[in-house]
Each structure stands twice: as structure tokens, then as C-alpha cells.
Amino acid sequence: MKQWEKNIRKVVPYVPGEQPNKKDMIKLNTNENPYPPAPGVERVLREFNADMLRLYPDPTVSLLVEELAGSYGLNHDQVFVGVGSDDVLAMAFLTFFNAGKRLLFPDITYSFYPVWCDLYRIPYETQPLDDNFRIIKEDYYKENGGIVIANPNAPTSIYEELSVVEDIIRHNQDSIVIIDEAYVDFGGSSAVQLIPKYENLLVVQTFSKSRSMAGMRIGYGMGNPVLVKALNDVKYSFNSYTMNQTAILAGVEAVRDARYFGDCRNKIIKTRERAEDALRELGFTFLQSGANFLFAAHESIPAKEIFEALRNNNIYVRYFNLPRINNFLRITIGTDEEMDRLFAFLRQFTEKYSKNEKF
Ligand code: PMP
């Protein structure tokens with residue numbers, strides 16, 4: 001190895017779900033929203049002109065920060081925005097977890113957390129979920145350098161009641177606790193309501209799922225002004241202009257249209273309920289979902305085989321070949337039509353499989 005090579009930072013990167021772009025595919029593998037963003041977003045894009053790109057965007061992103069703050073009943077100094085919640089979480093790890101003590105998070109959760117720990121050299125210790133994939137809150141009573149909980153959790157889809165989340169925050173008032181709520185709009189209560197009570201709480205959300213804007217990359221963190229200032233100080237020490245002009249204007253429109261947001265989320269919850277019935281009939285069991293996806297296992301067919309059969313037929317779901325979860329499929333909730341095609345395929349596949357016929 002060359003001398004200069006020795007000094008290169010070596011990291012094992014996070015690998016996101018594949019992004020195939022095929023005609024007629026059904027894409028249920030990365031928890032995107034099957035519906036378009038609010039109509040106002042479309043209007044902003046139509047009215048956008050190239051000259052609007054000539055100037056730098058507002059580094060404080062005040063239009064979007066104010067809109068978000070208003071919609072959550074917060075002050076503008078309690079909201080931080082970033083390029084997707086991955087960016088917000090990456091900034092938060094860099095800003096908050098410097099105690100040299102171990103960061104705690106569940107053994108089965110968003111697999112980006114250990115990647116940021118390795119990147120920033122933050123020590124961490126995973127806490128096993130119980131046999132039903134639930135958080136054991138007492139595991140988080142020990143000394144730590146911070147805590148991160150995804151609620152609902154990914155990829156399990158399980159939502160823990162706010163009382164569990166609050167118990168963990170209450171027991172850890174000397175650490176910063178991040179609640180990653182990428183999926184909370186699909187059935188859970190947000191920890192945002194706990195912000196006035198706990199100075200050590202940062203709640204992170206995203207426009208990628210419930211607001212149908214994964215391609216725009218907008219995420220935000222909410223917490224007390226000391227946390228938000230610290231995040232902004234680190235962000236301005238890294239890159240002043242992370243939020244581009246298009247994202248700022250489009251994001252504002254998405255937040256303004258509360259009715260569209262509610263309708264869209266209700267449609268997905270309804271389809272999720274239909275999907276649960278249909279999958280149950282086909283011999284699947286799944287964890288109780290509070291998210292826009294189901295985490296499902298079949299009673300007799302290995303998940304990997306179903307995953308591959310689906311993929312060969314242009315239906316993409318997510319499969320994790322990891323201990324404890326390697327017999328599950330993570331299936332994003334699509335439109336009713338997409339889900340019907342999924343069920344039709346699975347009906348044929350499971351019938352043939354049980355007769356030992358080749359598919
Ligand atoms: N948190 C969780 C739990 C997620 O599943 C995801 C989606 N991969 C994210 C955060 C990041 O989403 P985004 O960067 O698109 O906001």
C-alpha cells in the first residue's frame with residue numbers, strides 16, 4: 001500500500017435500496033409515496049425559471065423554516081432543515097455525539113446509524129429488540145453518549161407508544177435523544193409534543209415519505225433552540241448552502257397544503273389495511289405496522305425465494321439477508337392497483353409453490 005493510501009479514511013458505506021427504472025415495474029422497495037406531491041409543488045416547478053438559479057439561496061432557509069415552525073406550533077429557532085433526513089441525522093451525529101461514550105440504538109433499525117458512527121468514530125452499542133421486535137426501554141437506562149430511536153422503526157414498521165419514547169428521554173436527560181420519525185405520519189403520534197418538556201430531544205422528520213418528495217431531498221429536525229443553533233453552527237462550518245432554491249420553494253407549498261397531506265396519508269393507511277387482509281389470506285404474517293410499509297413473512301415459503309420471484313417479474317420489494325430478519329420482506333404500500341397486481345402474482349406463486357410446480 002502506498003503511503004498516501006494509508007491516510008485515506010476507510011469506511012463501509014450505507015447501501016440504499018436499488019433504484020431500477022424499468023417500464024411497467026412495480027416499485028415497492030424504498031418506501032416512496034405512490035402519489036404525486038401536493039399540487040402547489042407542481043405549480044412552483046412550472047413557474048420556476050432558470051434565472052432564479054443565478055443567486056445563492058437563502059442560507060437560513062427562512063421561508064421553509066417559518067412554514068414548518070408554524071405548522072408544528074414551534075418557533076423558527078426550533079427548526080433545522082437539511083437535504084433529506086439523512087443529512088439532518090448526519091449533522092446531528094456530528095454535532096451531538098462527542099461524549100466519547102457509547103451511542104445506543106436497537107440492533108434492528110435503520111442501518112445508516114452504524115455507518116455514521118464509523119464515519120465520525122462514535123462508539124456505539126446496539127440494544128437487542130425483544131422476540132417480538134419491540135424496544136426494551138430499560139436497556140436504555142444505562143450510561144451512554146446519546147440515543148437514537150426510529151419510531152416507527154425500520155424495517156420492522158413497529159410504532160412504540162409515546163409513553164415508551166418519553167420514558168427513554170426522561171431517563172436520559174444528560175444525553176441527547178434523537179427520535180427519527182421518517183414514518184410517523186402513517187399512524188403514530190409525534191414526539192414533537194414532548195419538545196417543550198425535554199431540552200435534550202431532537203425529533204427528525206422527512207418530506208420523502210408522507211409528502212411524496214423523496215426526489216427533492218428535504219428533511220428537518222425539531223428541538224430546543226440550543227440544539228438547533230448547534231446544528232446550524234456545524235452546518236455552516238461544512239456547507240452554507242445545502243438547501244437549493246427549488247427545494248425551498250417547493251417544500252413550502254408541500255407544508256401549506258395540509259388537506260392534501262391528510263388525504264394522501266389516509267389513502268395509504270387504507271391501502272395498508274387492505275394489504276394486511278390480502279396478505280393474511282395468502283399465508284403471510286406481519287408485524288403491526290405504523291408505517292407506509294409492511295414487514296411480512298410467509299408461513300412456509302422462504303422470503304428470499306419470494307423476493308427473487310417478484311424481482312424476476314418486475315415487482316421490487318426489499319429483502320435484508322441479516323440475522324433475525326432474513327425471512328421477512330419489506331413491502332412498501334403502493335397504490336391500490338399496484339397492490340392488486342402484487343397480490344395477484346403472490347396468489348399464483350404461492351399456489352404453484354405449494355403444488356411443487358416450477359414458476
Ligand atoms: N430514517 C429512516 C428510518 C429511514 O428509513 C429513512 C429512509 N431511508 C431515512 C431516515 C432517510 O430518509 P430521507 O433522507 O429520504 O429523508
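The stops below go from ring pairs to a cluster and then to charges over rings.

The model is a predicted one. With ring centres required to lie within 6.5 Å, the count comes to 21 aromatic pairs.

Select phenylalanine 133 and phenylalanine 328 to begin. Their ring centres are 5.6 Å apart and the planes meet at 90°, so this pair is edge-to-face. Phenylalanine 133 belongs to the loop between strand S4 (124-127) and strand S5 (146-150), while phenylalanine 328 belongs to the loop between strand S12 (318-319) and strand S13 (329-332); the pair therefore ties together parts that are 195 residues apart in sequence. Phenylalanine 133 and phenylalanine 328 are both buried.

Next, select phenylalanine 207 and tyrosine 220. This aromatic pair is edge-to-face, with 5.6 Å centre to centre and 85° between the planes. Phenylalanine 207 is found in the loop between strand S7 (201-206) and strand S8 (219-223), and tyrosine 220 in strand S8, 13 residues apart. Are these two residues, phenylalanine 207 and tyrosine 220, buried or exposed? Both phenylalanine 207 and tyrosine 220 are buried.

The charged end of arginine 211 sits over the ring of phenylalanine 207, 5.4 Å from the ring centre.

Then turn to arginine 330 and phenylalanine 293. Here the charged end of arginine 330 sits over the phenylalanine 293 ring, at 5.6 Å from its centre.

Finally, select Tyr14, Phe93, Phe97, Phe105, Tyr110, Phe112, Tyr113, Trp116 and Tyr124 together: ring pairs link these residues into a cluster.

Definitions and conventions
Residues are numbered from 1 along each chain as its sequence is written. This is a predicted model: local features need pLDDT of at least 70, side-chain atom pairs count only at pLDDT 80 or more; totals for chains, interfaces and linings use all residues. Side-chain values use heavy atoms; hydrogens and water are left out. Rings of Phe, Tyr and Trp (its six-membered ring) pair if their centres lie within 6.5 Å; planes under 30 degrees apart count as stacked, over 60 as edge-to-face and the rest as tilted. Helices (H or I, at least four residues) and strands (E, at least two) are DSSP runs, numbered from the N terminus. Buried means under 20% relative accessible area, exposed over 50%, partly exposed in between (1.4 Å probe, protein chains only). A charge sits over a ring if NZ of Lys or CZ of Arg is within 6 Å of the ring centre and within 35 degrees of the ring normal.
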